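Please look over the two chains before reading the points below. The note is written for someone who has not seen this structure before.

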Amino acid sequence: MLKMINKLLYILKNIMLIGLLISTIYIIIFMFQRLEKEIFGANFLEFLGVVAPFLILLILYIINAFLNQKSVKNCLFYNITSFLVMVTIAFFCYRTFMDQNMYLWHHYNYGINFTYFADQIAPLKVMLYVLAFADVLLIVYGSLEDKEIEVSKTTTDKKRKKEHDSFDLDDNKTRQIKKIDLESE
Amino acid sequence: MKKFIREYIKIIAYTAIGLAFFMTSFYLLINYYHQEELSRPIYISQNDANYLSYKSKLEEIDNNLKSFHNPGSISDSYYVMYNKLSSCSSILKSEGTLATLKLDTYYKPYDVYKLGSTFQSEVLNKCWAIHLSYLTSDKVPNEFLEVAPYITNSVDTISGQTSFALEEIQNNSSYFYTTNITSSTIRNYLSSDYTSIAKSYNQFADIILTLSKQINESNNGGM
């Protein structure tokens, strides 16, 4: 059951991240348009500052998926938190587009409440960066674990081989002794 | 040593995840609370005191203006004032003001904001600024010299309280951390904002009523 929930959360967080990245870019484009700022000009760094945490996390998730990193995939706490962060950002976006009880939604005439979204950018960035940081740590943790398992596997193999060899030697010795005994008889 | 580093990394990773978990829970809950606060509309009943008193004042103004006649026998300044008050009376009853408010209805923040902005754009900018602001100048007719300072002070107060209520509604689009200042922005003050705006309408109607009474008394030989 837990495995199933974990898998579901893992899939959902990946899908949601892509959707939220698109909606964030959409909001930022209109925000810049309203302020008469060019995205691919002097304000590109400002634009990148908002989109960068999404992109970093997306790259990390792609790495996790392609390299099948079990330390991240199987971490239920990480997947729950990631999913919750995505839900929170989705709620930010929903209110930015839909919450007509906020005065500025009407004031801007865009159907987007830019001020509300601008207030949420700082916590949004912090949450995504923390998730990315935790992801990197889990990858490092996973890689160290793999190495340790490999090391322990190789040492046990060697031990077994030694034991097997010694057993073979013993076997040969007993065979030789038996041969000598038979010859003497 | 490797095992120690591995465990240490695990602790840091889980602490970071915990931090993200705490932050996201906080923001999710506070946003939900903020949305719930704002989605609560105010109900304006059939017997809304502000509306009823405003309506009765408008009726009284109309009666005073109706009973004012024969401008040839009184000084020009009263007749000028009569014309100005007639214009103001129609402005006070125009679309979007408190006089045209639908009762027994729920009102959302933007509706209350529109009521306040109509007061500013129609009542203050047209009635006061165009028609009555000459009462603040040096050329105040002698007939209105006594009442002019009271009117000026009242309009300043009314303008201030309406702006404050409108700013409070404007501020509902954002919030900050939960300090005392924040809690005041998260809390829904729509009801008190409506009361402030409705009071502004009533206070302005009081000014027009005072002036209409004055020209009416002059008409009857009282002044």
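The points below go from confidence to folds, then to the contacts between chains and some single residues.

1. Basis of the note. This is a predicted model, in which local features need pLDDT of at least 70, side-chain atom pairs count only at pLDDT 80 or more, and totals for chains, interfaces and linings use all residues. Residues are numbered from 1 along each chain as its sequence is written, while chains are lettered from A and ligands numbered from 1 in the order in which they are written.

2. Confidence. The model has an ipTM of 0.78 and a pTM of 0.79. The pLDDT is the predictor's confidence in each residue, from 0 to 100. Its average is 84 in chain A, where 79% of the residues score at least 70. For chain B the average is 86, with 89% of the residues at 70 or above. Within chain A, helix α4 (residues 76-98) has the highest mean, 94, and α6(A) the lowest, 75. Where pLDDT is low, the predicted coordinates should not be read in detail.

3. Fold of chain A. Chain A has 6 helices and 0 strands, in the order α-α-α-α-α-α along the sequence. Helices (H or I, at least four residues) and strands (E, at least two) are DSSP runs, numbered from the N terminus. Of its 185 residues, 28% are buried; a residue is buried if 20 or more other C-beta atoms lie within 10 Å of its own, exposed if 12 or fewer, and partly exposed in between, with C-beta atoms placed from the backbone. Two residues are in contact if their C-beta atoms, placed from the backbone, lie within 7 Å. Among contacts in chain A with a separation of 6 or more, 73% join residues 24 or more positions apart.

4. Helix α2 of chain A. This helix covers residues 44-66 and has a kink of about 45 degrees at V51(A), shortly before the proline P53(A). The bend at a residue is the angle between axes fitted to the seven residues ending there and the seven starting there. Buried residues in α2(A) include P53(A), F54(A), L57(A) and Y61(A). Just after α2(A), N68(A) has a positive phi of about 50 degrees.

5. Domains of chain B. Chain B is assigned domain 1 (1-39) and domain 2 (42-219), with bounds that come from an automatic or database domain assignment. The centres of these two domains, taken over C-alpha atoms, are 51 Å apart. In chain B, 4 residues of domain 1 are in contact with 6 residues of domain 2.

6. Where the chains meet. On the chain B side, 31 residues are in contact with 34 residues of chain A. The elements of chain B that give two or more residues to this side are α1 (2-38), α4 (109-132) and α5 (148-170). The largest share, 21 residues, is from α1(B). By class, this side of chain B has 18 nonpolar, 9 polar and 4 charged residues. Ala, Val, Leu, Ile, Met, Phe, Trp, Tyr, Cys and Pro count as nonpolar, Asp, Glu, Lys and Arg as charged, and the others, Gly among them, as polar.

7. Nonpolar core. A nonpolar core is a set of buried Ala, Val, Leu, Ile, Met, Phe, Trp, Tyr and Cys residues joined through C-beta atoms within 7 Å. The largest has 81 residues, and L131(A), A134(A), A20(B) and I208(B) have the most contacts inside it. The element that gives the most to this core is α6(A), with 13 residues. Leaving aside residues up to four places away in sequence, L131(A) touches L57(A), S82(A), V85(A) and A20(B).

8. W105(A). Helix α5 of chain A holds W105(A). Is W105(A) buried or exposed? W105(A) is buried, because 24 other C-beta atoms lie within 10 Å. Not counting residues up to four places away in sequence, W105(A) touches D99(A), Q100(A) and N113(A).

9. Positive phi. Most residues other than glycine have a negative phi. N109(A), which is not a glycine, has a positive phi of about 65 degrees. N109(A) lies in the loop between α5 (103-108) and α6 (114-184) of chain A, and counts as exposed because it has 8 C-beta neighbours inside 10 Å. In chain B, D104(B) has a positive phi near 55 degrees. D104(B) sits in the loop between α3 (76-92) and β2 (105-107) of chain B, and its 10 C-beta neighbours inside 10 Å make D104(B) exposed.
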